[in-house]
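Please look over the sequence and the model before reading on.

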Amino acid sequence: MSELVPEPRPKPAVPMKPVSINSNLLGYIGIDTIIEQMRKKTMKTGFDFNIMVVGQSGLGKSTLVNTLFKSQVSRKASSWNREEKIPKTVEIKAIGHVIEEGGVKMKLTVIDTPGFGDQINNENCWEPIEKYINEQYEKFLKEEVNIARKKRIPDTRVHCCLYFISPTGHSLRPLDLEFMKHLSKVVNIIPVIAKADTMTLEEKSEFKQRQESMPFAVVGSDKEYQVNGKRVLGRKTPWGIIEVENLNHCEFALLRDFVIRTHLQDLKEVTHNIHYETYRAKRLNDNGGLPPVSVDTEESHDSNP
């Protein structure tokens, strides 16, 4: 009786490593034109960028944002008079703009948070801000899971939060630490010290030594002055002109380059790939793996007998 010989199992297919080919040897293909194609598409459709500003009143938040984008994109909050009352809770105000430069359109939304840190008791004053940020993730998620979803989902998610620290020359306050501890989990936070010209060099140095990473010490201004035959943005002080874009005077240029010129796309990608995906995974997990019921669906159910 012959022995049964097991058939040899086929070896699993091993994917071949891509071989790098120098296209110059075979002629021009044109794959490098994808960059130009992407540029043309961006110029045609534009892109969204949503920036939130958080900090106590009087820190020059509106002025700094206007300086960043060289436009009146943020309105200054009127100073409180005796007849007005400071808001008891943090308010959220979003204003949209379209800024065009070099044929590229940016749909900019500035989200202001008046009332933050202005109370005697500021316990948990970060909660309305976190709620707003998560609400934008929820809006995006509901649009994303719709069967007949829009070709281009409106993006109201907060891509960047500028957190303003008082230029006291001391370390971070408990409020600062509490805010960044909670909100860094849901949004990109960039700490800045506005009106840094009110700090001495010694205070800046002391602050830097106390912190692992020094927040951008910046000065904002929408006023121009003549300095050495050139017109510059600056602030006039008794001892001279503080030039906004002069790195010897402040770190505004570093902040601008980081937010706009070098890391704007990174801020958008981290928002989508990390913060939004974390929210999305938790939301679907809490819902048993099912997509959240959209507002339209809820309304249609309510209308049915």
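In which loop is the place of asparagine 124? Asparagine 124 sits in the loop between S3 and H3. The account below starts from the chain as a whole and comes back to this residue near the end.

## The chain as a whole

The model is a predicted one. Its chain has 305 residues, of which 38% count as buried. Eight helices and nine strands make up the secondary structure of the chain.

Contacts can also be sorted by how far apart the two residues are in sequence. Among contacts between residues at least 6 apart in sequence, 65% join residues at least 24 apart.

## The six-stranded sheet

Six strands form an open sheet with mixed pairing, and their order is S2-S3-S1-S4-S5-S6. The edges are strand S2 (93-101) and strand S6 (216-217), each of which pairs on one side only.

Strand S4 (residues 160-165) and strand S5 (residues 189-193) run parallel and are joined by five bridges. Leucine 162 has isoleucine 190 in S5 as its bridge partner, and isoleucine 165 stands opposite isoleucine 193 in S5. S5 also runs parallel to S6, with two bridges joining them. Here valine 192 stands opposite phenylalanine 216 in S6. In a regular strand, side chains alternate between the two faces of the sheet.

## Two hairpins

Strand S7 (residues 224-227) and strand S8 (residues 230-237) run antiparallel, joined by four bridges. Valine 227 stands opposite lysine 230 in S8. The two strands form a hairpin with two residues between them, and asparagine 228 is in the turn.

S8 pairs with strand S9 (residues 240-243) as well, in the antiparallel sense and over four bridges. Arginine 235 has isoleucine 242 in S9 as its bridge partner. The hairpin that joins S8 to S9 passes through two residues.

H1 has twelve residues and reaches 16 Å from its first C-alpha to its last, close to the 16 Å expected at 1.5 Å a residue. After H1 comes glycine 46, with a positive phi near 75°.

Rolling a probe the size of a water molecule over the atoms shows where empty space is left. The largest pocket holds about 1,300 Å³ of space. It is lined by 37 residues, and the closest to its centre are Thr42, Phe47, Leu264, Gln265 and Lys268. Several elements give two or more residues to this lining, among them helix H1 (34-45), strand S1 (47-54), helix H2 (61-69), helix H6 (252-262) and helix H7 (264-286). S2 and strand S3 (104-112) are also on that list. H1 gives seven residues, the largest share of the lining. By type, the lining of the largest pocket divides into 13 nonpolar, nine polar and 15 charged residues.

Which residues are buried in H4? They are Leu175, Asp176, Phe179, Met180, His182 and Leu183. The cover over the buried residues of H4 includes S1, helix H3 (127-145), S4 and S5.

Arginine 173 lies in the loop between S4 and helix H4 (174-183). Leaving out residues up to four places away in sequence, arginine 173 touches Gln56, Tyr163 and Ser166. Is arginine 173 buried or partly exposed? Its relative accessible area is 25%, so arginine 173 counts as partly exposed.

Most residues other than glycine have a negative phi. Asparagine 124 is not a glycine, yet its phi is positive, at about 60°. Because its relative accessibility is 32%, asparagine 124 counts as partly exposed.

Asparagine 228 also has a positive phi, near 50°, in a residue other than glycine. It lies in the loop between S7 and S8. The relative accessible area of asparagine 228 is 77%, and exposed means over 50%, so asparagine 228 is exposed.

Methods:
Residues numbered from 1 in each chain as written. Predicted model: local features only at pLDDT ≥ 70, side-chain atom pairs only at ≥ 80, totals over all residues. Heavy atoms only, no water. Pairing = 2+ DSSP bridges. 1 Å grid on protein atoms, 1.4 Å probe; cavity = no way out; pocket = protein on both sides within 12 Å on 5 of 7 lines; lining within 4 Å. Points joined across faces, edges and corners; volume = space filled by probe spheres on them. Nonpolar A, V, L, I, M, F, W, Y, C, P; charged D, E, K, R; others polar. Expected span 1.5 Å × (residues − 1). Buried < 20%, exposed > 50% of the residue type's maximum accessible area, 1.4 Å probe, protein only. Contact = heavy atoms within 4.5 Å.
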